[in-house]
Amino acid sequence: MKVVLVLACLLGIPVARAEFRDIRIDLTNGNLLESAEKPTENSPMVSFGVAVAADGSVSRVASDDASAAIVLNGKYHSNEHGWGNFSSTVKVDGPVRISMGTCAWGGDVTVKNAAGETVATFNTNTGVCYHQNKAENIASTIYKGDAATLTISGGSYTPYVAVEAVDPSELVEDVTVSYSLGESGAVATLLPADETVEKGASVTIPANKTVYLAGKTLTGWTDGTNTYPVGSTVTASENLTLTPVFADNTVSLADRTEALTLRWDFQR
């Protein structure tokens with residue numbers, strides 16, 4: 001086979017690339033790891049490839065093995081929660097659905113191309129853990145670009161990872177909901193993050209943690225026509241830029257006559 005490949009390259013004959021196969025890897029219970037790689041504490045970082053057979057079954061191979069469909073990096077955390085410090089590299093032929101198992105201690109997942117550009121994001125912190133329901137407790141996003149080498153990283157804990165081909169004809173146009181202070185006069189250390197979703201999907205208006213206007217409370221966001229209260233949902237049928245809506249405070253700290261507790265929220 002090696003001789004055939006070399007001759008094909010020398011003669012300029014195109015060599016057919018192996019067809020992309022859907023990748024689904026359960027990382028709970030130390031799957032694919034050797035005993036020395038899953039101690040009770042101080043687990044070592046590991047890196048290896050995973051090959052996918054025609055029937056979808058997976059097996060461990062070297063990172064540089066030609067049969068590796070994806071290369072995994074990280075370290076064992078626990079049987080229930082899979083790996084920590086997770087990242088993976090995978091070559092795709094076009095649009096794919098990228099998924100991870102969710103976790104009560106999940107986090108942001110970032111998908112980047114070979115140029116280091118972020119091409120997709122999602123979050124696995126849903127409050128429920130993958131091992132409790134492996135059919136339902138999965139979060140995902142869709143990469144809608146052309147053939148590329150993608151790096152998938154984050155998620156805090158990774159009990160499951162999947163990369164599955166998507167029919168381009170089934171893709172829906174993306175729209176973005178973004179936030180701006182506009183002419184409100186407010187200040188913000190950080191505005192809510194833009195959300196890019198498929199056209200027709202719903203976006204939840206986030207609780208305010210960072211936008212401030214003296215003497216007022218932020219009650220919602222407006223697109224200039226409609227106002228969406230905090231906690232409500234908006235159907236994103238087109239690109240939207242939202243600006244804050246405030247209500248006058250009816251009391252202030254100066255009105256207080258008894259001791260009170262101030263609680264600070266540093267989530268963002």
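How many helices and strands make up the secondary structure of the protein? The secondary structure comes to 1 helix and 21 strands, where helices (H or I, at least four residues) and strands (E, at least two) are DSSP runs numbered from the N terminus. The model is predicted, so local features need pLDDT of at least 70 and side-chain atom pairs count only at pLDDT 80 or more, while totals for chains, interfaces and linings use all residues. Residues are numbered from 1 along each chain as its sequence is written, and side-chain values use heavy atoms, with hydrogens and water left out.

**Whole chain**

Begin with the C-alpha trace. Along the principal axes, the C-alpha atoms fill a box of roughly 85 × 45 × 30 Å. Of the 268 residues, 35% count as buried; buried means under 20% relative accessible area, exposed over 50%, and partly exposed in between, with a 1.4 Å probe and protein chains only.

Next, select residues 23-26, 96-101, 138-143 and 160-165. These belong to an open sheet of 4 strands in the order E1-E12-E6-E9, with antiparallel pairing; two strands pair if DSSP finds at least two bridges between them. Strands E1 and E9 stand at the edges with a single partner strand each, so one side of each is left without a neighbour in the sheet. On average, neighbouring strands of this sheet are turned by 15 degrees against each other, direction ignored, the axes being lines fitted to C-alpha atoms, for helices over the stretch in contact, and angles running from 0 to 180 degrees between N-to-C directions.

Stay on E6. Its pairing with E9 runs over 6 bridges, and serine 99 has serine 140 in E9 as its bridge partner. Towards E12, the antiparallel pairing runs over 5 bridges, and arginine 97 stands opposite glutamate 164. Because 5 of its 6 residues are buried, E6 is largely enclosed by the rest of the structure.

**Nonpolar cores**

Now display Ile25, Leu72, Leu150 and Val163, which touch the most other members of the largest nonpolar core, a set of 31 residues. Such a core consists of buried Ala, Val, Leu, Ile, Met, Phe, Trp, Tyr and Cys residues joined through side-chain atoms within 4.5 Å. Beyond its neighbours within four places in sequence, isoleucine 25 has contacts (heavy atoms within 4.5 Å) that include Leu32, Val50, Leu72 and Val161. A second, separate core has 17 residues, among them Val175, Val197, Leu213 and Tyr228.

**Aromatic pairs**

Finally, show the rings. There are 4 aromatic pairs: rings of Phe, Tyr and Trp (its six-membered ring) pair if their centres lie within 6.5 Å, with planes under 30 degrees apart counted as stacked, over 60 as edge-to-face and the rest as tilted.

- Phenylalanine 48 and tryptophan 83 are edge-to-face, at 5.7 Å centre to centre and 80 degrees between the planes. Phenylalanine 48 lies in strand E2 and tryptophan 83 in strand E5, so the pair ties together parts that are 35 residues apart in sequence. Both residues are buried, and together with Phe86 they form one aromatic cluster.
- Tyrosine 179 and tryptophan 221 have ring centres 5.0 Å apart and planes at 80 degrees, so this pair is edge-to-face. The pair links strand E13 with strand E18, 42 residues apart. Tyrosine 179 is buried at a relative accessible area of 6%, and tryptophan 221 is buried at 1%.
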